There are 4 protein chains.
Amino acid sequence: MTEPLVASSDATNISTRIERDGDEYVINGRKWFISGSADQRCKIFIVMGKTDPGAETHRQQSMVLVERDTPGMTIERHLPVMGYQDQHGHSEIVFDDVRVPATNLVRGEGDGFMIAQARLGPGRIHHAMRAIGMAERALGLMVSRAQERTAFGGPLIEQGVVQEQIANSRLEIDQARLLVQKTAWLIDQGGAKAARGEISQIKVAAPAALSAVVDRAIDVFGAAGVTEDFPIARFAAIARTLRIVDGPDAVHRRTIARVETRRERPYVESAAPTSPAPAE
Amino acid sequence: MTEPLVASSDATNISTRIERDGDEYVINGRKWFISGSADQRCKIFIVMGKTDPGAETHRQQSMVLVERDTPGMTIERHLPVMGYQDQHGHSEIVFDDVRVPATNLVRGEGDGFMIAQARLGPGRIHHAMRAIGMAERALGLMVSRAQERTAFGGPLIEQGVVQEQIANSRLEIDQARLLVQKTAWLIDQGGAKAARGEISQIKVAAPAALSAVVDRAIDVFGAAGVTEDFPIARFAAIARTLRIVDGPDAVHRRTIARVETRRERPYVESAAPTSPAPAE
Amino acid sequence: MTEPLVASSDATNISTRIERDGDEYVINGRKWFISGSADQRCKIFIVMGKTDPGAETHRQQSMVLVERDTPGMTIERHLPVMGYQDQHGHSEIVFDDVRVPATNLVRGEGDGFMIAQARLGPGRIHHAMRAIGMAERALGLMVSRAQERTAFGGPLIEQGVVQEQIANSRLEIDQARLLVQKTAWLIDQGGAKAARGEISQIKVAAPAALSAVVDRAIDVFGAAGVTEDFPIARFAAIARTLRIVDGPDAVHRRTIARVETRRERPYVESAAPTSPAPAE
Amino acid sequence: MTEPLVASSDATNISTRIERDGDEYVINGRKWFISGSADQRCKIFIVMGKTDPGAETHRQQSMVLVERDTPGMTIERHLPVMGYQDQHGHSEIVFDDVRVPATNLVRGEGDGFMIAQARLGPGRIHHAMRAIGMAERALGLMVSRAQERTAFGGPLIEQGVVQEQIANSRLEIDQARLLVQKTAWLIDQGGAKAARGEISQIKVAAPAALSAVVDRAIDVFGAAGVTEDFPIARFAAIARTLRIVDGPDAVHRRTIARVETRRERPYVESAAPTSPAPAE
């Protein structure tokens, strides 16, 4: 889905074209951050583009399948992420008059946005769950390190500032985990659509907790924390990236606010001015 | 429990003396923030003091009952809280050779600290629950106000900054509420002692959420938010106070860290330096 | 300027009407948070309202002088501010067909917005300076208290968490003070208009520093911090209010961003996508 | 100075031994994060170790010069920093019975700590200045990007949330820059020792500003922000590292607090309890 030339957080910005030509679709465009593409076992790409730019906003996009060796498709480079090159690759790929059979269309023309939304709910909770796991591991490491190290007259674990860092980390992890668990339960009960607000909540909360915990872990580890001797620096990179993938924080906060605005409130309380309005 | 002359967050600091004299206890000391004391229906005071300053740290304190009109006991003033005078009063009370029958002792000599701890667990979750309720109400008011007001070309509710404030408030409330609910469940399962870490967690998390939400509500309400026309300014005062009562945040964070340090971790991962230590 | 029925942070919202009628102006409307009005020495009110709602946005407003005892003008109540009643009063005032001589017009019709802006620059730096002073005093009190109190085995001043609170307070105060001093120098050099961005900066930075410092001071003081025995609780109320008066933070951040966007940058660096755009 | 086996933020922890043996010093120990060591132009290493572990705390350490090819000295690896390998290298180096002429001693035995402190003042302000520069550049890029990109119906630059990110960045940069400038002036006036508190202040403030600004820049750039197409991801790595090098934040905050505690205050105000202490 992601394209370098537009702000892809707004899916209506997608500029790749998928045009019908007889029994084929012709694809032109440029994508990036296509995860897994460096792995040769990745044989099929699912490409989202616009089949009908004139349709209503969320019916313009479609998805088609493209096989790895289709002529016109070039993997230009694998993108680093916060300094790290993932062995599975996050590629930039150009589609230049790439032709695929019309039967490669996924579901129907105009269904692209809907399919993406359906996948993104579960994808987002998966990201959130991984974030909780990494945060928990970083906290465990932080505690161990603080028990093992000594500075300024005693073990780090006995210093108030380190204890605050541990306490705040536990607070953030437990709260984010409970929200993830509630969201998973809601998805099980009523599907991803019913849990739309909660999915956006955990997409913000879990990476935020991870970022904060990892940042403190680096403080406790000192120089060792920025190396590859421990997984912490890598977690920091993942944490930052998780705040962008599958929708940046700002977009999810917007969703949370929208759900909140429509919430029915069992009590009635006015926020209108208490001063009498002037008589007309 | 609270005394003006010492840091009462450390209960071992308590300086009020309760001395046995024949069939009586004689109380000397000064307390403040004794809630409810302005209400004439408050007939009996439970006073904590030291019966045996030479005993081990947590066995020095005892509790005795003191009737309202006992000679030597003077309510000097009712203390304001962040600008507000509560009608039930938070008093400063002097005990000057106050004599009560020895049978007024609660449980046994030296049991004061233990009794206090037993009461504080439930007391803290009650504070946390009230904080969640106030935060939820403040958020509801914030949303209503943002829907009703217009500035810079549109309703506040459509402005990104206000949406962020609503989203962050919802995020904090829901996470704090889940933590409170989990803690209540834990208390039901195994008692307040087993949930010691979680009780400290909610004692920090819930007032923090309330403080943050109320602060944003004032932003959305503008000048009306600092008046008594809405409950928001009062909530701000309560929120600040809740971060002190029944143990300040710093003390609870210390408890959370201590519980965390003792946690058994199912996985084993070393945080020791990866560089080989020098051979001795 | 401030009115209860509209969001006054957007001055174009002002709803009070000032209509010319022969040799007089007739005022109808409702104002609140009119500071100083409880003080009988306050003999003259400067009222802003719309003389020409059809004019361009910033030429609709005018200011007129109204004497204290003019018929039709009623001080309805004095508003509390975060729990505090200021003895000089912040009043809610109704103007009901209040008539003043046309010569009471300040400068010219349509000049109201311009006059307000001219006054607000100096007014804002004055608020910022007061905030720095209060923050400095709160920090001094915090240090003294931390030196005087003992908890958990030592004076508070030797505890890492308290040291962090002191350090962060010093950091915030010094940075905010330097920004205020720079802004004052800029105003001296080129007038308030040239320092528009900086005035908005200090209007945000100084009350933010004050709020943060005071909040930590309450932590260090414990219960004493929320009483009137020390000025800290009152400072907390003032700090919160300062983030609203003379334009709320959100409006000033908008101004800072606007100035920043127009800033000329001596270096040229493109933020455009590095991927080649498709040939048309 | 930095060693993998101890918390080097506390210089008294240094475990490398430098022992006099006739006309030579014999060095045994392990160092890491020795910057510049991968560059062959680096011919001489300055090594800090303990010559007299029994001396008073700050007189145990000495510095000696070690030439690149001295037998017994092995560069084991170059350490990555938050995912990045610097071409100049941050190495882990083992000293195994490395012998250097006694004349390689810098100044005198026991002067190591003093020399380090003398160098660290200027070193820290240099780090702070670089941080300001990177933050300014990141803000410039952020503004450009926000002007160039469109999402949800308009350019990012017109969205309130992005404007807040720009405004907060400007606020933090300007305040940190002024503090750096003041500190440089103080060093010029009275030397690094007189500006000890301020040097610690900028060592905390400037990297903190950089971290915050860069984090927002990534939000505005989206996926492009985590790549190497722009310098932002690299700045994030540098920012995190700057909060550790030359003393971690926690150590500098401790210094700031200590300076603050000793500050003479021109006014006298008591923070002692206002309640009368009991008569003895």
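In the predicted model, Arg17(D) has a relative accessible area of 27% and is therefore partly exposed. Arg17(D) pairs with Glu19(D) in a salt bridge whose closest N and O atoms lie 3.6 Å apart; Glu19(D) is likewise partly exposed, at 35% relative accessibility.

A further salt bridge in chain D joins Arg99(D) to Asp21(D), with an N to O distance of 2.9 Å. This pair connects distant parts of the chain, since Arg99(D) belongs to strand β6 (residues 90–101) and Asp21(D) to strand β1 (residues 17–21), 78 residues apart. Arg99(D) is partly exposed at 39% relative accessible area, and Asp21(D) is also partly exposed at 39%. Arg149(D) and Glu148(D) form a salt bridge at 4.0 Å, N to O. In that pair, Arg149(D) is buried at 6% relative accessibility, whereas Glu148(D) is partly exposed at 33%.

Over all chains, the structure contains 113 salt bridges. Some are joined into a network that comprises Glu136(A), Arg170(A), Asp174(A), Arg177(A), Lys182(B), Glu260(B), Arg263(B) and Arg265(B).

In chain A, a positive surface patch consists of Lys193(A), Arg196(A), Arg258(A) and Arg262(A). Lys193(A) lies in helix α2 (residues 160–194) and is exposed, with a relative accessible area of 76%.

Residues 110–258 carry the UniProt annotation "Acyl-CoA dehydrogenase/oxidase C-terminal", and here the chain is 80% helix and 3% strand, with end C-alpha atoms 25 Å apart.

How values were computed. Residues numbered from 1 in each chain as written. Chains lettered and ligands numbered in written order. Predicted model: local features only at pLDDT ≥ 70, side-chain atom pairs only at ≥ 80, totals over all residues. Heavy atoms only, no water. Patch = residues over 30% accessible without salt bridge, like charges linked within 9 Å, V, L, I, M, F, W, Y side chains within 5 Å. Areas by Shrake-Rupley, 256 points an atom, 1.4 Å probe, with all protein chains shown as cover. Salt bridge = Lys/Arg side-chain N within 4 Å of Asp/Glu carboxyl O. Lys, Arg positive; Asp, Glu negative; His and termini not counted. Charge placed at Lys NZ, Arg CZ, Asp CG, Glu CD. Helix = DSSP H or I, 4+ residues; strand = E, 2+ residues; numbered from the N terminus. Buried < 20%, exposed > 50% of the residue type's maximum accessible area, 1.4 Å probe, protein only. UniProt positions renumbered as here; feature names shortened; annotations may be inferred.
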